[in-house]
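This report concerns a single protein model and is meant to be read beside its sequence and coordinates.

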Amino acid sequence: MRFSVRENLDFYKKVFILALPIALQSVISIAVNMLDTIMVARLGEEALSATSLANTFIAIYHIFCMGLGMGASVLVSRYWGMKVSGNGQEKEASRALKQTVALMIRLTVFLALVFAVLTFFIPEQIMKTYTQEENIISLGVVYFRFSIITYFFLGLSLVCTIVLRSVGQVKLPLYCSIGAFFVNLLANYAFIFGKFGCPRMEVAGAAIGTIIARLFEVIIILGYLFVFDKKICFRLKDIFIRTGSLVSEYIRICIPVLISDAILAFGNNTVAMVIGHLGAVFVAANAITNVTQQFSTVLIQGISQAGAIVTGQTLGTGDVEKTQKQGWLFLFLGIVLGCFSALFISVFSHPIINAYKVQPETEEIAIQLMLAISFIIIFQATNSIMTKGVLRGGGDTKMLMLTDNVFLWVVSIPLGILAGFVFKLPAFWIYVCLKSDQIIKTVWCIFRLKSRKWIKKISTGKAS
């Protein structure tokens with residue numbers, strides 16, 4: 001099946017209509033993190049390192065929730081495609097939609113409880129996995145104490161946002177993030193530095209600012225989903241809906257996504273551990289480069305999520321040939337965006353590093369990390385759009401779980417540990433080794449796409 005130039009343009013238009021609001025929302029979320037980093041940096045490098053490392057652990061939970069949300073998105077987008085296709089499955093698809101959302105919300109609350117308990121009872125032990133510097137550990141514990149409730153707000157707003165996107169509702173989450181940005185800005189300024197009559201709480205103030213912003217988000221997102229949404233039609237009482245008929249399908253498709261993203265979380269955590277044990281200077285440099293990398297990949301993340309949505313919806317209509325063609329178009333788009341992101345990092349890395357006013361040693365390490373990121377991002381962009389987008393949207397979640405395990409833990413992590421602790425290589429090579437799985441996965445994606453084995457059938461379960 002071939003697409004005409006006009007059809008290709010229409011396809012990319014549809015993708016970018018979905019991707020741009022998602023990307024803009026990611027920019028705002030990153031801007032919030034960057035704002036926190038810049039404000040806390042005024043308290044000193046120890047405070048910067050402490051909040052950065054504490055947020056590395058919180059980021060594990062964030063990625064777990066992304067796994068839950070994106071796993072549910074595979075089903076939601078497919079069921080939504082069935083519901084609007086007019087192929088006689090509207091009733092079954094509508095029921096399966098609600099069951100999927102109910103299962104997702106239950107798992108999110110359970111996961112938030114687990115992380116909240118860990119953060120409450122063993123904050124020092126968590127911080128010691130990243131650093132042995134006592135001042136950084138104590139500041140990180142303070143940040144953790146004020147962040148416990150954030151897990152519930154963050155998780156629910158995140159997974160429900162992903163579900164709304166899966167049925168084409170991308171504007172509301174964007175507007176919500178814009179509001180949260182300004183809420184966070186004012187709350188941070190007030191509580192970190194003691195403005196507007198608020199107490200000066202420094203590191204704890206940064207955590208409180210985040211809590212207030214996340215509370216704002218969850219009220220808006222859940223309020224819309226439970227009251228106003230007319231597509232999924234999920235209401236508060238539906239949290240308790242019977243889901244037994246869909247559990248096996250949910251486990252088959254969604255749980256491998258959660259595991260894959262959990263592996264990614266622990267992989268990123270290992271990167272932080274390697275750099276964290278090299279000292280506060282390395283940690284500060286890594287914090288700066290993380291923000292820059294996030295900014296350079298926001299559009300890629302948006303395209304990835306759009307890829308999963310478009311693929312799922314197309315397969316929901318039963319058009320396999322069109323889905324395969326769209327997969328190749330996404331692959332080409334990934335290569336182009338990867339090169340663009342590499343150029344972005346090369347051009348803006350020095351101005352961004354200089355904005356932090358850090359020590360010369362920190363600046364030098366940050367420059368090395370920026371160079372490594374600009375190389376890896378080309379491969380990361382391509383395989384992210386394929387693995388987190390197209391292949392995942394096709395239901396190929398078990399195979400993706402396997403490849404994430406093998407490439408990351410058998411290749412990248414051992415190479416990174418050798419580079420950092422045995423050979424003590426420069427920061428550039430440590431990062432390249434830790435991210436070498438991105439190169440391997442890019443090659444694998446091409447062969448997997450060509451095989452067509454990534455297109456899986458998904459059922460709506462049996463009527464209860």
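Ile239 lies in the loop that joins helix H8 (203-228) to helix H9 (247-276). The model is a predicted one. The relative accessibility of Ile239 is 17%, and the residue is therefore classed as buried, the limit for that class being under 20%. Leaving aside residues up to four places away in sequence, Ile239 touches Ala102, Ile105, Arg106, Phe226 and Phe234. Between Ile239 and Ala306 there are 67 residues of sequence separation, and their C-alpha atoms lie 26 Å apart in space.

The loop between H8 and H9 also holds Cys233. Cys233 is not a glycine, yet its phi is positive, at about 60°. Most residues other than glycine have a negative phi. A second residue with a positive phi is Arg452, at about 70°, and this residue is not a glycine either. Arg452 is placed in the segment after H16. With a relative accessibility of 29%, Cys233 counts as partly exposed. Arg452, with a relative accessible area of 36%, is likewise partly exposed.

Pro123 belongs to helix H4, which covers residues 123-128. Is Pro123 buried or exposed? Its relative accessibility is 3%, so Pro123 counts as buried. Residues up to four places away in sequence being excluded, Pro123 touches Leu118, Val141, Phe144 and Arg145. Pro123 and Thr397 are separated by 274 residues in sequence and by 33 Å in space, C-alpha to C-alpha.

The accessibilities discussed above are collected here.

| Residue | Relative accessibility | Class |
|---|---|---|
| Pro123 | 3% | buried |
| Cys233 | 29% | partly exposed |
| Ile239 | 17% | buried |
| Arg452 | 36% | partly exposed |

The report now turns to the packing of two helices. At what angle do helix H13 and helix H16 pack? The angle between H13 (residues 360-393) and H16 (residues 436-451) is about 40°, and their axes are 8 Å apart. The two helices are therefore oblique to each other, given that angles under 35 degrees would count as roughly parallel. The crossing in which H13 passes H16 is left-handed. On the H13 side, the contact comprises Phe375, Ile376, Phe379, Gln380, Thr382, Asn383, Met386, Thr387 and Leu391. These meet Gln438, Ile439, Lys441, Thr442, Trp444, Cys445, Arg448 and Leu449 of H16. By residue type, the contact of H13 with H16 consists of nine nonpolar, six polar and two charged residues.

The remaining description concerns the whole protein. Its secondary structure includes 16 helices and zero strands. Along the principal axes, the C-alpha atoms fill a box of roughly 65 × 45 × 35 Å. For 464 residues, a compact globule would have a radius of gyration near 23 Å; the protein has 22 Å, so the two values agree. Of the 464 residues, 59% are buried. Where contacts between residues at least 6 apart in sequence are considered, 84% of them join residues at least 24 apart.

Methods. Residues numbered from 1 in each chain as written. Predicted model: local features only at pLDDT ≥ 70, side-chain atom pairs only at ≥ 80, totals over all residues. Heavy atoms only, no water. Axes fitted to C-alpha atoms, helices over the stretch in contact; angles between N-to-C directions. Helix = DSSP H or I, 4+ residues; strand = E, 2+ residues; numbered from the N terminus. Parallel < 35°, antiparallel > 145°, perpendicular 65-115°, else oblique. Left-handed = near helix turned anticlockwise from the far one by under 90°. Contact = heavy atoms within 4.5 Å. Nonpolar A, V, L, I, M, F, W, Y, C, P; charged D, E, K, R; others polar. Buried < 20%, exposed > 50% of the residue type's maximum accessible area, 1.4 Å probe, protein only. Rg over C-alpha atoms; globule rule 2.2 N^0.38 Å.
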